[in-house]
Amino acid sequence: MSDELDELEAESESIQEAADAMVELQQDGTLEDLTEAATAVSLLADALDDEMVVEVAGLANELGLVAGSATQPNTIRTLATMMDAMDEADTFENPEKVGMMGTVGKLRDEDVQRGLGFLMEFLGALGRQIERRSEGYEQAEN
Amino acid sequence: MSETDIQADETVDAIGSACPGPLMDLIGKIKDVDDGTVVELLTGDEGSKNDVPEWVEEADHELLDIIDDGEYYSIYVKKT
Amino acid sequence: MTERIVIVGGGSGGTITANRLSEELESEIEAGKIEITVVSANPNHLYKPLYLYIPLGEAELEDTRRPLVDLVDHRVTLVYKRVTEIDTDGKSLAMDDGSELDYDYLVVGTGAIPQPEETPGLGEDEPGHHFYGPDASENLRETLANFDEGHLVLSVIGTPHVCPAAPVEFPMIVEEWFRERGVREDIEITYTYPIQRLHGVRPTAEWMVPRFEERDIETKTFFNVENVEDGTIETLEGKELDFDLMIGIPEFTASPIIEEAGLGEEWMEVDRNTLESEHAEDVWGIGDVTNLPTSKAGSVAHYASGTLVSRIASEVRDQVPTATFHGKTICFIEAGTEEGTFIEFAYDREPVVRDENRFLHWSKLGYNEAYWLTARGVM
Ligand SMILES: Cc1cc2nc3c(=O)[nH]c(=O)nc-3n(C[C@H](O)[C@H](O)[C@H](O)COP(=O)(O)OP(=O)(O)OC[C@H]3O[C@@H](n4cnc5c(N)ncnc54)[C@H](O)[C@@H]3O)c2cc1C
């Protein structure tokens, strides 16, 4: 008996709290915004179907996997550095043509040497990553 | 300490077990042991006080004792 | 000197842990102080929840797997071998090719292995079906496609069973699927459960009652399947039930290497808050292999990995580990093919089950596609 009374009391307290919250939302205008936003949700519910959800989530998954690798701090720095270099290199201002001999000459330039150093490091890492992946794919096939 | 003379052969600690729950843990154990084995179930779940005896009766095992240790219950079941 | 963290298992728990650890310990790895290795018997990572959809023709086996190398951080060394022995005194692992691998810190995430053969009459070439493996779920697809009249029985046998939601979802999904195919009227559906209510989690059981009634799904409780013969199930309680198609939720067990290594008798015994082994130093457990008093679900492995990573990072840095795990578990429950809901709970906190709706169903469908981001440690 007293259990039921306790339950009733707790329930009426919840109702009062819910009503208070509603009044507050109404007075500060949030309720109106919410009601309007709700129609957009209802549009979404009517427009969506299972296939659309699966398509969008599948796309988000693939993009996310790329982003997961692309957002490593080092990767971001490297990408940013490359983009800065692209900007600085003035690609379209008629770059001079460099042949075999020219290349040898350019190699004396310390900046080019530094760039080459990076490329060599990069090639080594690329080789290791290709090796790692191809082993993984070969294993996964069997 | 519990005030009982019953010696359990096996103990199932299901204190804090939310899912699948203490009774399921007990049934899993009972399935594995030989007839005559006494299994002690430790549980903090109030519902177990009713659930366990009900199942024990249904499955024709023997409920030996339920001890209230304050923080948890020790329920003794003999597989028959 | 380089210290080595070895993770055994490339499933949900092992993969998420490896990815988060390599992120957390980035500078230590760069400085050559730490090296992370994942040893996995399976070179593919599996998303097992899709096995539920294969029998209905709504997923293909290839959707369930991706090469581990596509999901594990490039700083992690991958070893495609099966661990046959764990020596916690010598801190070393033995592999199936005879090689050995030493560790300084060990994480065990070898999962739970379905044991249909523990129930006489369940499994391949037996009258009882299940969907806890690639072949089993494909077999069931063929059987279901040709099933248009008779009695379908879904029996929960295993205690604990992997994923608390699958046995709840399957009858409701298949019921609607039969209706869509226009054969529902000729099919009777029965759901059985070992204890006196429909599910171990009380609020889930309460949620199920009206919904199963509404859908005309018969239920039997106190039903502990002992064996399945041609056309009849017999129980521990001495009951019998006839069927035309029987689907069992089997028993599960941990890999035998756990008991052999003294890490636990049935499951790997770990502290429920720190995930540290109760029996060995510098050893942790993650996921289904552990005896954590909560569901064996992907979400548990996911949330526990946060605690694990933080604690291992503290150990590596000679700091006092303080992160703790409190059993957070979330499972979607599909209530048929159009609506869904979810349960969320923790140690000593029972879930509230909300009414099902379309948005939660879409959330589940979306998650099935985007799960790989969880494995990758992104989400
Ligand atoms: C049909 C089905 C439906 C499910 N539905 C859901 C759901 O809806 N929601 C949910 O949250 N969970 C669900 N689950 C549960 C979820 O899949 C598991 O909880 C999760 O996979 C556990 O992750 P884990 O890392 O512990 O184990 P697993 O993912 O099983 O991984 C274990 C890994 O260890 C490897 N391994 C094992 N032994 C060795 C060894 N000796 N040496 C080397 N490697 C080894 C294996 O190859 C594997 O890579 C479902 C499971 C199934 C089967």
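A polar contact is a pair of N or O atoms within 3.5 Å; within protein, one atom must be able to donate a hydrogen and the other to accept it, and residues adjacent in sequence count only if both atoms are side-chain atoms. I begin with this term for the interface of chain A and chain C, where the rule finds 11 residue pairs in polar contact, both residues at pLDDT 80 or more.

The model is predicted, with local features needing pLDDT of at least 70 and side-chain atom pairs pLDDT 80 or more, while totals for chains, interfaces and linings use all residues. Residues are numbered from 1 along each chain as its sequence is written, chains are lettered from A in the order in which they are written, and side-chain values use heavy atoms, without hydrogens and water.

Which elements of chain A face chain C? Helices here are DSSP runs of H or I, at least four residues long. On the side of chain A that touches chain C, α2 (30-47), α3 (50-70), α4 (73-88) and α6 (110-141) each supply at least two residues. The most comes from α3(A), with 12 residues.

Contact means heavy atoms within 4.5 Å. By that rule, 29 residues of chain A are in contact with 31 residues of chain C. Of the two pairs of chains in contact, chains A and C share the most contacts. Chain A and chain B, in turn, do not touch, and their nearest C-alpha atoms are 17 Å apart.

Finally, there are two salt bridges between chain A and chain C, a salt bridge being a side-chain nitrogen of Lys or Arg within 4 Å of a carboxyl oxygen of Asp or Glu. One salt bridge joins the side chains of A:Arg133 and C:Asp70, at 2.5 Å from N to O.
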